[in-house]
Amino acid sequence: MSVDMWLRHLKARVLTKGAFERAYAQRSHVTVEFLHQHRRVGKPCDCREDGCDGWQMAHEESEP
Ligand SMILES: [Zn+2]
């Protein structure tokens, strides 16, 4: 495993829901408040895809 991959892995493990939502909002050029207003929340993701930070953005009401 390269240092880059290891760091990414480490970062993914310590990333909190709040930190993910802030990063997602920043990438989307919106605020976390905007995301929540539109019922978008971070949810744990275990797809293990390359580049996945362990979280996904989902609609609040999509949860059973
Ligand atoms: Zn994922």
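Reader: Is Met57 buried or exposed, or does it fall in between?

Author: This is a predicted model, and in it Met57 counts as partly exposed because 16 other C-beta atoms lie within 10 Å, whereas 20 or more would be needed for a buried residue.

Reader: Where is Met57 found, and which residues does Met57 touch?

Author: Met57 is found in strand S2, and, not counting residues up to four places away in sequence, Met57 touches Tyr24, Arg40 and Gly42. Turning to a C-alpha distance, Met57 and Cys45 are 9.1 Å apart in space and 12 residues apart in sequence.

Reader: And Lys43, which strand does Lys43 lie in, and what is Lys43 in contact with?

Author: Lys43 lies in strand S1, and, once its neighbours within four places in sequence are left aside, Lys43 is in contact with Trp55, Gln56 and Ala58. Lys43 counts as partly exposed because it has 15 C-beta neighbours inside 10 Å.

Reader: How far is Lys43 from Glu21?

Author: Their C-alpha atoms are separated by 9.5 Å, and the two residues are 22 residues apart along the chain.

Reader: Changing topic to the backbone, which phi does His29 have, and where is His29 found?

Author: His29 has a positive phi of about 60° although it is not a glycine, and this residue is found in the loop between helix H2 (17-28) and helix H3 (32-37). The positive phi comes just after H2.

Reader: Why does His29 count as exposed?

Author: His29 counts as exposed because it has 7 C-beta neighbours inside 10 Å, and a residue with 12 or fewer is placed in that class.

Reader: What about Arg48, what is its phi, and where does Arg48 lie?

Author: Phi of Arg48 is near 60°, again a positive value in a residue other than glycine, and Arg48 lies in the loop between strand S1 (40-44) and strand S2 (55-59). Arg48 is exposed, with 8 other C-beta atoms within 10 Å.

Reader: Back to H2, how does its span of C-alpha atoms fit what its residues should give?

Author: The two agree, because the 12 residues of H2 should span 16 Å at 1.5 Å a residue, and the end C-alpha atoms of H2 are 16 Å apart.

Reader: Stepping back, how many helices and strands does the protein have, and how do the elements run from the N terminus on?

Author: The protein has 3 helices and 2 strands, and from the N terminus on its elements run α-α-α-β-β.

Reader: How many of the residues count as buried, and what do residues 24 or more positions apart account for among the contacts?

Author: Of the 64 residues of the protein, 5% count as buried. Among the contacts with a separation of 6 or more, residues 24 or more positions apart account for 26%.

Key: Residues are numbered from 1 along each chain as its sequence is written. This is a predicted model: local features need pLDDT of at least 70, side-chain atom pairs count only at pLDDT 80 or more; totals for chains, interfaces and linings use all residues. Helices (H or I, at least four residues) and strands (E, at least two) are DSSP runs, numbered from the N terminus. Two residues are in contact if their C-beta atoms, placed from the backbone, lie within 7 Å. The expected span of a helix is 1.5 Å times one less than its number of residues.
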